[in-house]
Amino acid sequence: MAASVVKTAKCPRRGSAKDLVKNTASAGLKSSNEANWNWLLLLATVFLVTFATRFYKVTEPDHICWDETHFGKMGSWYINRTFFFDVHPPLGKMLIGLSGYLTGYNGTFPFEKPGDKYNETRYQGMRYFCTTLGALIMPMGFDTVYDLTRSHEAALLSAAYLVFDVGLLTLNQYILLDPILLFFMMASVWGMVKISKCTASGGSYGLRWWFWLFLTGTMLSCTISVKFVGLFVVLLVGLHTATELWLILGDLGQPILETVKQVACRAITLIIWPILLYTLFFYIHLTVLNRSGNGDGFYSSAFQSRLIGNSLYNASMPRDVAYGSVVTIKNHKTGGGYLHSHHHLYPKGAGARQQQITTYTHKDENNKWLIKPHNKQRLPKDKLQILRHGDIVRLEHVATRRNLHSHNEPAPVTKKHLQVTGYGELGVGDANDAWRVMIVGGKVNETVHTVTSRLKLIHLLQNCALTSSGKQLPKWGFEQQEVSCNLNVRDKNSQWNVEDNEHKLLPSVSFSVYAPGFFARFLESHAVMLQGNAGLKPKEGEITSRPWQWPINYRGQFFSGSSYRIYLLGNPLIWWSNLVFLAIFVVVFLCNAVVQQRRAGLAQSLARNRVQESEPSSTAEVCSCCPSEGEKILEEVADASGPPPPTPAMSLRAAAWLFVGWVLHYLPFWAMGRVLYFHHYFPALIFNSLLTGIMFNYLVRVLPKWIQHVILGVVLSVLVYSFAAFSPLAYGMSGPLANEPNSTMHSLKWLSTWEF
């Protein structure tokens, strides 16, 4: 019987492994070059269309629009180095001031109210600056989506959703903090994605990797330095970074030291560096604004002593307080006002119809009080008696000659407290004008000092503490803060300090030694800002909104209400389709999670039941060269052909992170008690628009390429048409309002709540 010989099959790849790699590399390089050219062409198109739409009519109208009255004025104060109070961190306003200064604006325009003409004022530079930052959001959004999905179609549609939204266009064209905030927020997300891309491609610790890390840290710091809502993007980048580090930790191909190095590098660039920058911005802010302004009164007496022109700057006044001193008394809590009175009486229904007592955050002649003995009208002119802990006094309001008074009547707003009034004639009142002066932590006969002594004023008969409740009085009280007498004498808001002190018989000393350093002012600035933010109230006649109204584009907001009308409203096709794709993502993501879980269970079941079978290697139609060279060849092919093609899972992961960004920038507003406006939704809108482009591409990916492009072309055409139809909202409307049949905008008033 002839011996059986198994002939080894000839390997189709024998002698051609290098050719295979070479051919694959050539094809991959060609495909990569083509993709790069397409990317550059589309990016250039996005740049061109964005800047064309943003800079068209950017200097119109030539009058103040909406909050330009605030942020233009604050830019002027930076140019003039005048201190002011605002609820937001300083970077955005500093940049507005710097852009105005560099383009020839001299900081003298008053920015009094919306509608005031700019006339010859060089306001254009500040608008150009804000518009430029707003215009850069779209190219960054395009590149971010492309890096996340490697899909030109998804990136282009996402950018189009941003470019052709008339609401985003309106918000970008004026002297506001919003375009600055949105630019830094988008740049933070862009940097976050670039870091992931560099890390995944093995570029850790390279120059490019470090560049993106420091850029992202810088953008995070800048975002939160414009508005505190920048914290939301800090949380997003933090969650993304933590997830990436967790995956690195789980890579058993890397030593544990690699995870430690990654954590250290990111802590330096994404935590320590942003904190240092944030602190630097405040240092510049407090150094530049060194002159007294209308915001002084929101800060402590010690803080004010650092402001040139303030009565406490390099002040020389009596150190001790005495009977006969004319003083101003400031509430010691953060942002506390001055004890104040004026000729107006409490109205009927607000307690006794006696003179109003309030706190007022600005310096004023009506803040001055004369300290008198409780049992004498005044001391002899040549007699000096120092005020001490436990003394009983009367406080006479200098301007109206009425005494600080309390009685058994409820306070006008805080009904559990007692009413405080101004009572008497020419300084003569009754027994309810007597107050005991108590130094917090003081000892018997301890002297009351200017600025540094923290005082309580306890009513002698009612045994209640003079306090600032923090509640705002109605219009009859000029919206100043309520002053009441709290039967709980431990009330933390019942502490006061003497700020200004005048007495002819007392020697003056310099108060410069009590001026606080930078970090003390840094901390106080944050306490005042946070308190002011929580207490924001709508201005008279101003339209506010609630978070449920924002995604559905329920109501817009007038930026200019004169004959040249500007109305902030989103492109309804973009906003409503955004909600549709948001819902589609949630459904698809949940379904995909169920499918993946079932597949994992199936794989485990098959593994348990699998029967190992082996076949003789001598009968296999495989050449002897393949087992030893195959893996190497496949690796070379993979390297030559570039990154793997985009997958549905990649798109879903990208959409999931954008969904998290939308949630972080939208849901927290539901818990906020402060006044809210429509424009607060625009950071969340950007994430939703980017998500829409990704989900659209995810849904049409199964179709032939030419059909995908046809559908994309139709969608882009609809977006352009809707933009053209609604663009007068951003570029300016004149003539009848849309609710009149002869208005050119009448057919576009789709909801009754739209007021254009």
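A: A residue is called buried when its relative accessible area is under 20%, exposed when it is over 50%, and partly exposed in between, as computed with a 1.4 Å probe on protein chains only. The model is predicted, and local features need pLDDT of at least 70, side-chain atom pairs count only at pLDDT 80 or more, and totals for chains, interfaces and linings use all residues. Residues are numbered from 1 along each chain as its sequence is written, and side-chain values use heavy atoms, with hydrogens and water left out.

The cysteines come first in this account. A disulfide is a pair of cysteine sulfur atoms within 2.5 Å, and by this rule the count comes to one. The link joins cysteine 464 to cysteine 485, with an S to S distance of 2.0 Å. It is right-handed, with 95 degrees about the S-S bond. Cysteine 464 lies in the loop between strand S10 (455-459) and strand S11 (465-472), while cysteine 485 lies in strand S12 (residues 481-486), so the pair ties together parts that are 21 residues apart in sequence. Helices (H or I, at least four residues) and strands (E, at least two) are DSSP runs, numbered from the N terminus. Both cysteine 464 and cysteine 485 are buried. Cysteine 222 also counts as buried, because its relative accessibility is 8%, and cysteine 198 counts as buried at 11%.

The charged pairs follow. Side chains of opposite charge can pair when their charged atoms come close. A salt bridge is a side-chain nitrogen of Lys or Arg within 4 Å of a carboxyl oxygen of Asp or Glu, and the count by this rule is 19. One of these salt bridges joins the side chains of aspartate 147 and lysine 197 (3.1 Å, N to O). Because aspartate 147 lies in helix H5 and lysine 197 in helix H8, this pair ties together parts that are 50 residues apart in sequence. Aspartate 147 is buried at 13% relative accessibility, whereas lysine 197 is partly exposed at 45%.

Glutamate 499 forms a salt bridge with lysine 363, and the closest N and O atoms are 2.6 Å apart. Glutamate 499 belongs to strand S13 (residues 496-502) and lysine 363 to the loop between strand S4 (355-360) and strand S5 (368-373), so the pair ties together parts that are 136 residues apart in sequence. Glutamate 499 is buried at 0% relative accessibility, while lysine 363 is partly exposed at 35%.
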